[in-house]
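Try each task before you read its solution.

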Amino acid sequence: MSRAFEAFTSPLSWQQISLLLDTVQYFEDAPKWLSIPNELGASVAVPMTSETLQAMLGCVTEEDAFSRVSFSLEWEEGSDEGIGVLVVGLPNGEAVRQMTVLSQFSPV
């Protein structure tokens, strides 16, 4: 199996993250690959949970709902095929590590 996705940076606003979180919470029992824009505006499919999106949402403010901040996203392969870690670099310098089994996620 090929990599889930290549590392990229995504400029996201509070509004965008909030909408993504709403989508993930709606499909909580059936996790989805989300279309996340890269720095060039192209969509990249990323398996993301509500916990990860909540951490991202905590880095932006609703008062500045349309201002974008950069998040780095990368995939670390696990020892077993189809299992790995989504690493999201937050603007505050911290990182969220989401253990992921790719087969549990389906397209939106």
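**Exercise 1.** Which residues does isoleucine 83 touch, leaving out those up to four places away in sequence?

*Solution.* This is a predicted model, so keep that in mind throughout.
- Start by placing the residue: isoleucine 83 sits in strand β5.
- Next, list its contacts. Isoleucine 83 touches Trp75, Glu77, Gly78, Thr100 and Val101, with neighbours up to four places away in sequence not counted.
- Now decide how covered it is. The relative accessible area of isoleucine 83 is 29%. Buried would need under 20% and exposed over 50%, so isoleucine 83 comes out as partly exposed.
- Isoleucine 83 and glutamine 104 are 21 residues apart in sequence, and their C-alpha atoms are 10.0 Å apart.

**Exercise 2.** Work out where the buried residues of helix α1 lie around its axis.

*Solution.* 
- Get the helix itself first. α1 covers residues 14-26, which is 13 residues. From first C-alpha to last it reaches 18 Å, close to the 18 Å expected at 1.5 Å a residue.
- Then pick out the buried set: Trp14, Ile17, Ser18, Leu20, Leu21 and Val24.
- Look down the axis of α1: these buried residues fall within an arc of 165 degrees, so they line one face of the helix.
- A handy reminder: an α-helix has 3.6 residues a turn, so residues three or four places apart point the same way.
- Check the other side of α1, where Leu19 and Tyr26 are exposed.
- Last, see what does the covering. The elements over the buried residues of α1 include β1 (8-13), β2 (32-37), α2 (50-57) and β4 (68-77).

**Exercise 3.** How do the axes of α1 and α2 cross, and which residues make the contact?

*Solution.* 
- For any two packed helices, you want the angle between the axes and the distance between them.
- Here the axes of α1 and α2 come within 9 Å and cross at roughly 160 degrees.
- Angles over 145 degrees count as roughly antiparallel, so that is how α1 and α2 run relative to each other.
- The handedness of the α1 and α2 crossing is left-handed.
- On the α1 side, the contact is made by Trp14, Ile17, Ser18, Leu20, Leu21, Val24 and Gln25. α2 brings Ser50, Leu53, Gln54, Met56 and Leu57.

**Exercise 4.** What do the buried residues of α2 pack against?

*Solution.* 
- The buried residues in α2 are Ser50, Thr52, Leu53, Met56 and Leu57.
- Down the axis of α2 they fall within an arc of 160 degrees, so they line one face of the helix.
- These buried residues of α2 pack against β1, α1, β2, β4, β5 (83-89) and β6 (95-101).

Methods
Residues are numbered from 1 along each chain as its sequence is written. This is a predicted model: local features need pLDDT of at least 70, side-chain atom pairs count only at pLDDT 80 or more; totals for chains, interfaces and linings use all residues. Side-chain values use heavy atoms; hydrogens and water are left out. Helices (H or I, at least four residues) and strands (E, at least two) are DSSP runs, numbered from the N terminus. The expected span of a helix is 1.5 Å times one less than its number of residues. Buried means under 20% relative accessible area, exposed over 50%, partly exposed in between (1.4 Å probe, protein chains only). The arc is that of the directions from the helix axis to the C-beta atoms. Contact means heavy atoms within 4.5 Å. Axes are lines fitted to C-alpha atoms, for helices over the stretch in contact, and angles run from 0 to 180 degrees between N-to-C directions. Angles under 35 degrees count as roughly parallel, over 145 as roughly antiparallel, 65 to 115 as roughly perpendicular and the rest as oblique. A crossing is left-handed if the near helix is turned anticlockwise from the far one by less than a right angle, and right-handed if clockwise.
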